[in-house]
Amino acid sequence: MAEKPAPLSAPPAIPVISSFRVSPLLLLALAVAALVGLPVASVLANLAQGGTSDTWSHLAGTVLPEYLLNTVWLCLGVGAGTAAVGVGAAWLTTMHEFPGRRFFEWALVLPLAMPAYVLAYVYTDFLQFVGPLQTALRETFAWQRGDYWFPEVRSLGGAIAMFVSVLYVYVYLLARTAFLERSGGLLEAGRMLGLSPWASFFRISLPLARPAVAAGVALALMETLADYGTVAYFAVQTFTTGIYRAWFSLGDRVAAAQLAACLLGFVALLLVLERTSRGRARFGNSGNRRGPARGRLVGVKGWLAALGCTLPLLMGFVLPALLLVRLALGDSEEGLGWQRFALLARNSAILATLTALVAVLLALLLAYGARLAKRPAARVLNRLVGLGYAVPGSVIAVGVLIPVTRLDNWLAGQWQAWFGSNPGLLITGGISALVYAYLVRFLAVALQTVEASLGKITPHMDEAARSLGLTQGRILVRVHAPLLRGSLLTAALLVFVDVMKELPATLVMRPFNFDTLATQTYTLAADERLAEAALPSLAIVAVGLLPLIALSRQIARSRKG
Amino acid sequence: MAHLELQHVVQRYPTPTGFHTVVDGISLTVPPGTIACLLGPSGCGKTTLLRCIAGFEEIAEGEIRLAGEVVSRPGFHLPPEQRRIGMVFQDYALFPHLTVAANVAFGLGDLPRAERMPRVEEMLRLVGLTGQGEKFPHELSGGQQQRVALARALAPRPRLVLLDEPFSNLDTELRERLSLEVRDILKQSGTTAILVTHDQHEAFAMADEVGVMHGGRVQQWDTPYNLYHRPANRFVADFVGQGAFLPGLVVSPTEVTVELGRLESSLPLECSALCQTCDSCPLAREGCHVDVLLRPDDVVHDDLSPVTAAVEHKAFRGAQILYTLRLDSGAQVQALVPSHHNHALGEKIGIRLDVDHVVAFKTPAATSTAPRQPASASAA
Amino acid sequence: MAHLELQHVVQRYPTPTGFHTVVDGISLTVPPGTIACLLGPSGCGKTTLLRCIAGFEEIAEGEIRLAGEVVSRPGFHLPPEQRRIGMVFQDYALFPHLTVAANVAFGLGDLPRAERMPRVEEMLRLVGLTGQGEKFPHELSGGQQQRVALARALAPRPRLVLLDEPFSNLDTELRERLSLEVRDILKQSGTTAILVTHDQHEAFAMADEVGVMHGGRVQQWDTPYNLYHRPANRFVADFVGQGAFLPGLVVSPTEVTVELGRLESSLPLECSALCQTCDSCPLAREGCHVDVLLRPDDVVHDDLSPVTAAVEHKAFRGAQILYTLRLDSGAQVQALVPSHHNHALGEKIGIRLDVDHVVAFKTPAATSTAPRQPASASAA
Amino acid sequence: AEDKVLNLYSARHYQTDEKLYENFTKQTGIKINRIEAKEDELLERIKNEGANSPADVFLTVDAARLAVAHELGLFAPVKSKVLESRIPANLRTDDWFSFSTRARVIVYNKAAVKAADVQTYEDLADPKLKGKFCSRSGSHPYNLSLMSAIIAHQGEAKAEQWARGLVANFARAPKGGDTDQIKAVAAGECGVTISNTYYVARIMRSDKAEDKKTMEAVGVIWPNQKSYGTHINVSGGGMLKTAPHKEAAVKFLEYLASDDAQRYFADGNNEWPVVAGLKFANPALDSLGKFKADALPVGSLAMYRTKAQVVFDRAGFR
Ligand SMILES: Nc1ncnc2c1ncn2[C@@H]1O[C@H](COP(=O)(O)OP(=O)(O)OP(=O)(O)O)[C@@H](O)[C@H]1O
Ligand SMILES: Nc1ncnc2c1ncn2[C@@H]1O[C@H](COP(=O)(O)OP(=O)(O)OP(=O)(O)O)[C@@H](O)[C@H]1O
Ligand SMILES: [Mg+2]
Ligand SMILES: [Mg+2]
């Protein structure tokens with residue numbers, strides 16, 4: 001073969017200067033990251049702007065300290081709660097065998113379909129002083145107000161419970177993936193060194209799943225921080241309340257943006273702290289020959305495990321769904337009609353599907369870009385993209401609105417200059433701006449999921465493929481994408497459900513006459529018609545549920561072998 | 001008071017169509033303080049057997065006892081962490097999130113704090129990684145990682161150590177040094193050990209006893225000397241050491257003729273007096289055809305010898321060259337010749353036999369039942 | 001028209017405090033169709049050097065050329081996928097989501113569809129995995145996985161194949177068979193290859209040329225014969241083959257005396273005529289102290305010899321036993337003795353020297369500059 | 001060319017508005033394209049869309065928001081005889097118009113609180129009601145609007161004192177919406193609250209047993225009938241400066257002031273029409289009876305909006 005000059009060996013006309021840094025894929029990834037990170041960056045940029053000190057000093061002097069305290073407690077509660085429930089559920093279902101495990105494995109994902117604000121509505125309706133439960137209690141025992149103690153739903157504790165009930169799913173999904181992808185060999189090594197299965201959980205599985213758990217908790221916290229609907233309904237005033245107050249009540253958008261930027265800074269700081277505390281340690285596994293062997297939990301232990309998995313499912317899904325059904329049945333007024341429902345569901349599904357697909361593609365691109373990049377710049381950019389999730393929806397909506405309308409107006413101007421007629425706003429009026437807004441907000445979810453798994457693929461896999469002649473782009477398609485199939489599905493699923501539930505951006509960015517299940521729920525709920533809002537809420541849950549079930553079973557199947 | 005005892009252990013992996021029996025009825029006994037080695041071709045079930053002993057695989061039949069106490073039998077299974085067995089994994093299985101020192105200290109939970117670090121230091125010194133304790137596994141070379149795995153398994157002073165090719169990624173020198181040192185440590189502490197290796201020299205150097213596995217069964221469990229010089233069957237003869245088979249004819253209870261001459265065996269070829277024909281004879285009797293094992297050192301290069309053979313292949317072995325030679329009949333033999341006798345491929349060189357021990361097996365009949373028992377006899 | 005050329009290649013890993021130079025100025029040339037081997041202790045940079053050649057690491061200095069074309073130099077770097085270099089990784093790096101057949105077919109994208117499957121079949125047959133194509137990597141044993149990795153790298157007929165310990169998890173028999181077969185395939189297709197191995201026998205058997213690495217440098221790049229018999233420096237002498245050093249005194253340009261007697265060298269010990277004292281002499285001259293390398297086959301067991309030594313350690317090697325012996329002076333030597341001479345530890349046995357080639361190095365002075373050049377001479 | 005479409009940005013979030021718009025299309029053949037969202041976000045959208053904005057009409061609730069839009073210069077002046085003649089002067093400006101009003105009334109538990117004790121907004125701050133008052137959040141526009149009116153009438157210092165009095169009387173921390181407060185009053189969790197009329201009316205019109213029980217337990221009071229009158233806020237809108245369909249926009253605004261449309265507000269959404277003397281068929285509004293509304297020009301509520309929030313914050317009314 002030596003005598004045949006290989007055609008491939010023809011030297012490239014232009015020397016590729018250090019292909020690692022300027023691979024086109026990496027450039028593309030950087031461009032996308034910059035684009036999606038733009039609104040977040042513009043929010044952050046407000047920090048540089050001199051604030052109207054009036055608003056600041058007023059807020060700082062009156063309500064801000066309380067808001068901050070509430071926020072900290074809320075974060076601590078939701079963080080600890082989601083971590084405990086999510087990791088516990090993932091650990092039980094991946095590492096053990098007990099009655100109903102197969103069912104729980106996918107059913108535990110269901111609470112994700114339940115929007116936190118809907119959860120807040122139904123639990124409040126059911127549990128508050130005037131709700132059916134307390135009323136029944138009072139009537140049965142002839143109690144008066146103050147005669148008995150009952151936990152107040154609309155409180156900090158209640159808000160934490162609501163968030164944990166639905167957001168633990170993030171931790172569950174990511175931790176579960178981490179446990180499954182973890183080389184069984186490491187656990188075996190631990191057991192050889194005298195660790196019981198429980199001890200190996202705390203000393204091996206958990207530390208190794210740390211990036212995944214951290215990612216899951218980060219998602220849960222960011223969603224908590226960005227939430228306004230639930231906390232406002234519960235009258236738990238958080239930092240986000242402060243942002244809305246500065247903006248809407250005090251009419252100071254700059255101060256609001258500055259507050260939002262502070263929030264982001266806080267989140268970024270947390271993330272950086274978590275990363276740096278990992279030090280030089282790695283969490284990837286080289287040989288993943290054997291998956292973990294499931295320990296069998298028999299007798300009482302088995303039933304306890306089943307009970308442990310039932311509780312979050314009950315809290316986050318079964319109970320609220322039943323309450324919603326109860327509300328919907330009790331609603332005497334005429335409903336919306338099936339046709340209208342079908343239309344709303346279709347709109348929601350289109351948006352969610354579209355966004356999920358794009359988000360997964362972009363997340364894969366960005367995560368892979370960061371893997372390719374030898375310098376930390378790409379990773380920093382990805383973190384910036386990730387911050388979008390922590391920005392309250394209305395703030396991000398406006399953050400998106402500004403660049404998009406500017407671009408739109410510029411385009412219109414160009415069009416007019418060239419063709420003489422005014423086309424109006426091309427992007428703002430369509431779905432694309434909305435999808436962009438969703439991406440800015442939810443790409444983080446997909447990115448965290450994909451990154452957590454990509455990190456676990458040994459770099460030798462890339463190198464082996466490259467030595468077999470594949471370019472980086474094709475490696476992504478032929479090696480990483482299939483290896484990440486489970487994570488990609490998970491990511492798509494999370495984004496899909498998140499978009500189904502999203503409200504503030506959908507409300508303000510949508511095209512004319514474009515209603516979704518979420519906007520419909522809002523319209524009714526804002527009018528304090530909870531009973532009527534139950535139906536579209538149920539529909540959100542239902543429409544979100546179908547792919548959820550299909551996909552989570554798919555994920556369970558893809559992990560076999 | 002045997003330390004490790006396996007009785008007819010069977011292990012099966014489920015397959016889509018049923019079961020794949022990987023360990024197929026293995027019985028063996030490893031006395032306390034003994035170092036045993038498992039040799040065998042790739043995929044013969046060595047790792048699986050170790051995993052059964054360690055407690056990672058449940059067994060389908062048989063029984064495993066450790067220090068007299070049953071640890072595995074169908075339906076009963078002592079969890080691995082309660083067996084006090086140390087294990088070095090083929091793929092190291094180091095904890096990527098812990099430093100080297102923390103990896104080594106991992107199993108030292110029972111030790112008082114003050115004693116932990118000295119023990120870690122001691123182990124690191126042993127494997128030649130002093131001062132590398134603060135590194136993370138991914139910052140080490142493959143061989144260094146393997147040494148950490150070894151140190152980690154030995155640190156808690158287990159009752160039984162299982163080593164799955166612990167030296168396979170080390171260079172010869174380090175490998176020899178380390179294997180001798182590990183042997184010394186094990187011997188000093190009286191620890192029983194089972195070692196899986198592909199390297200026969202290593203097995204011979206380290207082990208008191210060696211088991212040769214094939215197809216899920218132990219073919220022979222013996223001392224290195226016997227494995228080499230008295231292989232129990234054709235597979236062992238073939239697998240252990242080098243050599244080639246030459247067809248021979250039994251001419252008397254102590255004599256066999258082969259192409260290269262007549263071989264005399266002091267002991268009779270153990271033919272059963274009862275059998276009348278070769279076919280019915282479990283071993284070999286006069287007139288039977290046998291295959292005679294010729295080790296490379298049985299064939300001596302002698303320029304004066306009338307018998308010559310052509311050089312087919314040669315492998316440089318340092319002091320010697322291993323020649324593969326083709327006889328006139330077309331049969332092949334191997335010869336180990338000092339390396340200054342450098343002959344070209346195709347050259348014909350003189351050889352003679354210098355066998356002090358005849359190993360012969362009945363030539364397999366058309367029916368493929370290979371003889372299990374050797375016709376073995378020491379030379380006079 | 002050299003196929004692979006490295007000129008003063010330097011590679012460094014960044015460390016928290018600066019740089020760690022792993023490849024330290026390596027120059028070498030591998031002619032087309034040659035099979036070269038890298039030998040060296042764990043952590044000496046072998047894998048890293050292969051990674052530089054494959055294009056996974058950028059180099060800090062020097063130049064790498066493949067078929068005359070520069071593929072790496074500081075500031076220029078041809079991406080690995082454009083180099084058409086095949087690689088077999090130490091940890092296999094098989095694609096877990098693909099079957100064995102799909103793994104092997106992975107690099108065959110350029111081949112017409114119809115040719116792909118036959119090529120895969122061919123490769124699987126070669127590595128002894130016919131019929132296992134539909135399995136997934138995790139369903140194979142470690143050795144089987146390694147063979148898949150080998151098949152995958154060879155399938156696209158690369159211009160250069162890099163093998164990072166491709167046989168380290170195989171049993172001796174399979175290893176020898178496979179290494180010879182791989183050698184044949186490489187030779188037939190005229191593919192150039194570089195193989196990293198820890199097994200010297202393997203290196204000697206497979207390689208046309210062997211490079212011994214240490215501390216990021218190539219210590220000697222030579223034929224197996226020369227490495228063993230004419231080591232370029234003390235490190236190589238120590239690392240390749242077995243043996244021990246005995247202190248000696250140069251008594252004439254062709255003679256050295258050691259504890260066990262006088263060794264005669266037909267060639268002068270290459271002492272520079274210019275130097276007046278031992279210290280200033282780069283090699284050795286009369287009156288200088290040297291260390292003489294004694295291979296185990298240089299020391300012959302002879303019951304009649306007046307010189308005796310005590311058995312310190314013995315290792316069974318099949319046909320022979322490798323004895324480590326202690327001389328009266330306390331110095332150690334090794335001797336390879338046929339295995340029927342079974343002596344107990346502590347026993348004193350007679351030995352004599354049978355050196356046909358004296359290898360001696362100047363004894364390191366108090367200043368630790370070890371001599372780089374050997375004082376080597378063939379025996380008459 | 002006659003405009004065949006109208007682009008509407010609306011911050012009204014009432015299910016019943018649908019029929020109101022359908023009727024317009026039926027009458028004029030003009031199709032209505034609609035985006036409904038929250039007030040402030042919609043304002044941002046209009047502002048950012050600038051000259052190319054497709055929006056013709058902006059509808060919202062709360063006079064302060066209308067005033068903000070006016071200050072941002074988003075509205076175009078509309079000269080329309082119809083509008084001028086049908087809408088009272090204090091409920092319109094040059095460029096925006098109110099189309100319906102809602103009043104903030106006092107709702108009390110008949111068993112726990114005496115009607116005589118809760119006749120004015122000021123009464124609610126009386127220590128007599130300690131532990132009896134409940135309310136929705138102080139940052140909600142309805143409460144801010146009321147506070148703005150109080151500041152306009154009594155000055156900032158008195159207003160703050162009043163807010164402190166309310167806070168001292170809290171039965172529980174502010175939470176929930178107006179409907180929740182009414183139910184809490186009925187159930188005895190608290191004794192008195194303030195609520196928008198259309199929530200009260202909606203419960204009154206409900207057939208559900210629990211709602212009927214609720215209304216039996218509570219009484220409704222028109223506050224401050226002896227002084228400046230009950231606080232009202234409006235829902236209204238105007239044509240945008242950049243409206244591409246100006247003709248349709250004016251038509252639509254005039255339609256909203258028509259009898260037909262006004263009846264939708266009343267019958268459908270329990271709001272009071274702005275057109276005087278209109279006959280409508282809403283028994284709940286009828287039973288609430290006639291009342292004296294605060295005559296404060298609604299536009300001036302905007303002036304005190306920020307101050308209202310500051311006062312609430314200082315008083316600890318969350
Ligand atoms: N989890 C599994 N499921 C099914 N078959 C398996 C599994 N693990 C191993 N095997 C099969 O069992 C057989 C024995 O495997 P084992 O790993 O014990 O071999 P080994 O002797 O250690 O080989 P090597 O020397 O190559 O490491 C092989 O044929 C392998 O394909
Ligand atoms: N990514 C890295 N960062 C820093 N140092 C490294 C890295 N990879 C390897 N090294 C160091 O470089 C040196 C050479 O490593 P290399 O893997 O090339 O050794 P090797 O000769 O292949 O060893 P082995 O035979 O054990 O596989 C080692 O000291 C190792 O610790
Ligand atoms: Mg194995
Ligand atoms: Mg290496």
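**Notebook: ligand 1 and the A–D interface**

I started with ligand 1, which lies between chains A, B and C. The model is predicted; I took local features only at pLDDT of at least 70 and side-chain atom pairs only at pLDDT 80 or more, while totals for chains, interfaces and linings use all residues. Residues are numbered from 1 along each chain as its sequence is written, chains are lettered from A and ligands numbered from 1 in the order written, and side-chain values use heavy atoms, without hydrogens or water.

**Entry: ligand 1**

I looked up the shell next. It holds 20 residues, and B:Ser42, B:Gly43, B:Lys46, B:Thr47 and B:Thr48 come nearest. A residue counts as near if one of its heavy atoms lies within 4 Å of the molecule.

A backbone N or O atom of B:Gly43 sits 2.8 Å from an oxygen atom of ligand 1. For B:Gly45 the distance from a backbone N or O atom to a ligand oxygen is 3.0 Å. For C:Glu139 it is 2.9 Å, again from a backbone N or O atom to an oxygen of ligand 1. On its own, ligand 1 has 640 Å² of accessible area, and the protein covers 89% of it. I used Shrake-Rupley areas with a 1.4 Å probe; for residues, only the protein chains shown count as cover.

Which elements supply at least two residues each of this shell? They are strand S2 (18-30) and helix H1 (46-54) of chain B, and helix H4 (142-154) of chain C. Helices (H or I, at least four residues) and strands (E, at least two) are DSSP runs, numbered from the N terminus. By class, I noted four nonpolar, 12 polar and four charged residues in the shell.

**Entry: chain A against chain D**

I turned to the A–D contact (heavy atoms within 4.5 Å). Chain A gives 55 residues and chain D gives 56. Together they bury about 4,800 Å², 47% of it on carbon and sulfur atoms. Buried area is the accessible area (1.4 Å probe) lost on putting two parts together, summed over both.

I found one salt bridge across this interface. A salt bridge needs a side-chain nitrogen of Lys or Arg within 4 Å of a carboxyl oxygen of Asp or Glu. The partners are D:Asp180 and A:Arg154, at 3.0 Å, N to O. I also noted 10 residue pairs in polar contact between chain A and chain D, both residues at pLDDT 80 or more.

Conventions
A polar contact is a pair of N or O atoms within 3.5 Å; within protein, one must be able to donate a hydrogen and the other to accept it, and residues adjacent in sequence count only if both atoms are side-chain atoms. Ala, Val, Leu, Ile, Met, Phe, Trp, Tyr, Cys and Pro count as nonpolar, Asp, Glu, Lys and Arg as charged, and the others, Gly among them, as polar.
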